Amino acid sequence: MGVDITGILPTLYEHFTFQGIESGLSDAQSDFKLNSKPLKIFSGALHYFRVHPLYWRDRLKKYRAAGLNCVETYVPWNIHEPEDGSFDFGEDPDRNDFSLFLDLVQFLKIAQEEDLFVILRPGPYICAEWEFGGLPSWLLRHEDLKVRTSDSKFLFYVERYFKKLLALVEPLQFTKGGSIIAVQIENEYGNVKEDDKPIDIAYLEALKDIIKKNGIVELLFTSDTPTQGFHGALPGVLATANCDKDCGLELARLESYQPTKPLMVMEYWTGWFDHYSEKHHIQTVEQFYANLSDILMGHASFNLYMMHGGTNWGFLNGANICGATDDNSGFQPDTSSYDYHAPLAENGDYTDKYVQLQQLTAEYNELCISQPAPPEPTFREIYPEIDIIGELSLDDLIKQAQHVIQSEKLLPMEKLDINNNSGQSYGYIVYRKENIDIQAGSTLKIEGHVCDTVIVLINGKLVSNVFNSEEDLNGFGYWRAKDSLLNLGSENYQSATLDLVVENFGRVNYGKLYQFNQHKGLWQGNVLINDRIVSDWKIIPLEFKKKWNQTLTDWKTPTFLNGPRLYRAVLTIDSEPQDTYIDFKGWNKGVVIVNGFVLSRYFKIGPQQSAFLPAPFLKEGDNEILMFEHLVPGTFIDFCGNPYFQTMGDGRILRTLLC
């Protein structure tokens, strides 16, 4: 894949810092200059929060060996400030399950050690197919707060967060001896433009001022798709392009907008992400080569989005809205896998695109610097299948729940007074009505749309339908149906317990501003039985946080009955753990938890049918693997060595019905 000529030629940093640092990245001419030396940026996106930190260095080595000279990353606000006013940049693993991934300073330093510059995209909104576009869900507790605007209430929280974040990265700017050469203002803000409304340029100006006030001196820029206009651009700030095809046209539009500035494609989309129910997206090697060649022949710099996708761990996948609605009917949740069909696969494997990238960077590279050889490929273990040995029913889980809230009316997750008055961000919310009489043939109605899926039980027994086909997404239990109805069966119940288990399947990360009202749970209307409103609820959040997962007790012998249950198995490893995949065949819908950490969602509709399990999540000895199954369980957990993708039906039902 390449020849290691390190030690003969100068490194990237040696080339650009020889005789000292006097200036940063400049766009004052038609080509970039860094410290007054020409630089064509060959960059690739790597989201540190989507890759296990023990693999950061391996992935960055592979970037440099591909001929890249830069790595780009977003910064997700929601996991760096998981509770209102509580910040975590890798120092709080006891309180935040994702603290492991959050040492941004360490990531930036490793990038420099691996001879890469850094493009930093701090948001506050990042899109990224990440839950709520990186915005903290506790913002939704403020009904009059308008996200992504110059609203003073929103900017108060942004400025407080940026003060913490930028204080950490300020010393790591290139002109101060660090790795950061450029910083983005917001993200694709032009996409919020509505035909009849002006865009909030005051918001972008406010962000620019906040960034500068906190010591950022490197080049600032914005990014949008030029053929859609430059509504998200700012006077005097470099505009960059996003595209996956017709990149020559996009660059021509960009050049006409700012004819004296360098050309840069900030996002060349090397593949695409998957929604549940769609076919797995691919971009062929031939398409990749042709598109990147167009960019390079246009004398432009580039950033590959993605170079390496990684994983939407736990509950942190984002979602789209198909169409112009804001009622959740067009909801399109993203898969946990963020493979993106990128040059480096989700598991870190080299692909044919990687080889093509090496060839193109070698052809167009203008720097006489050293380039390391690629690291050796990694290999995976296919562990033997393991049997389910324990089970907890929904009632067993509720008995061990940390919070039970009494409420006359239904409340969304975000309005629960838990987590230091920051509400519930992720997981499930159970609405329980006790001591209710239900006549045979009764009809349950949920007004509005469910956010996002619901399972109904009476006295612990599943009464809603089992998912069998893609058409089921149109019916009760899912987000598409408005004022959905469920027949509760032919049995009479006296003093019964009714449970409605609602899943947050991922907050929308992209759309118009009016579509960012992303409450989860039941909140658009009432629950009725035979047209009579049900009130006086117990509300139980099931967040599946690591500490709670690891302290669950009273495991029962498995019954494998239909309905929401937590299943337990143990994987015993007698040597150093290796990467592997969990195979979801035989399971219906839910999440998998490894040694307490929520690893991935699964849903048999596809396309994702397996979950990447990095070795650092495992240990020598016994490893506890839990499956929270919504509907129909398997009886064992299997493993495989590679990902596989398969979709029920034609994979087009949502698009044909909604778009």
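User: In this predicted model, what is the handedness of the crossing where α2 passes α4?
Analyst: The model is predicted. Helix α2 passes α4, and the crossing there is right-handed.

User: Which residues of α2 and α4 make the contact, and how many of the contact residues are nonpolar?
Analyst: From α2 come Trp56, Arg57 and Leu60. From α4 come Gln106, Phe107, Ile110, Ala111 and Glu113. Two of the contact residues are charged and one is polar, while the nonpolar ones number five.

User: Why is α2 described as largely enclosed by the rest of the structure?
Analyst: The buried residues of α2 are Trp56, Asp58, Arg59, Leu60, Lys62, Tyr63, Arg64 and Ala65. Their cover includes α1 (12–17), β4 (42–46), β5 (70–74), α4, β11 (301–308) and α9 (352–364). Helix α2 is largely enclosed because the buried share of its 10 residues is eight.

User: Which residue with a positive phi follows α2?
Analyst: The phi in question is near 95 degrees. The residue that follows α2 with this positive phi is Gly67.

User: Is α5 roughly parallel or oblique to α6?
Analyst: Helix α5 covers residues 152–169, and helix α6 covers residues 201–213. Their axes come within 10 Å and cross at roughly 30 degrees. The α5 and α6 crossing is right-handed. The angle therefore makes α5, relative to α6, roughly parallel.

User: What residues meet between α5 and α6, and how many are nonpolar?
Analyst: Helix α5 brings Phe154, Leu155, Val158, Glu159, Phe162 and Leu166. Helix α6 brings Tyr203, Ala206, Leu207, Ile210, Ile211 and Lys213. The contact has two charged residues and no polar ones; the nonpolar count is 10.

User: Is Gln283 buried or exposed?
Analyst: Gln283 is found in the loop between β10 (264–269) and α8 (285–297). Beyond its neighbours within four places in sequence, Gln283 contacts Asp244, Tyr268, Trp269, Thr270, Gly271, Phe288, Asn291, His341 and Lys353. The relative accessible area of Gln283 is 8%. Buried means under 20%, so Gln283 counts as buried.

User: How much of residues 564–623 is strand?
Analyst: UniProt, in an unreviewed entry, lists residues 564–623 as "domain: Beta-galactosidase galactose-binding". The end C-alpha atoms of this span lie 23 Å apart.

Notes:
Residues numbered from 1 in each chain as written. Predicted model: local features only at pLDDT ≥ 70, side-chain atom pairs only at ≥ 80, totals over all residues. Heavy atoms only, no water. UniProt positions renumbered as here; feature names shortened; annotations may be inferred. Helix = DSSP H or I, 4+ residues; strand = E, 2+ residues; numbered from the N terminus. Left-handed = near helix turned anticlockwise from the far one by under 90°. Contact = heavy atoms within 4.5 Å. Nonpolar A, V, L, I, M, F, W, Y, C, P; charged D, E, K, R; others polar. Buried < 20%, exposed > 50% of the residue type's maximum accessible area, 1.4 Å probe, protein only. Axes fitted to C-alpha atoms, helices over the stretch in contact; angles between N-to-C directions. Parallel < 35°, antiparallel > 145°, perpendicular 65-115°, else oblique.
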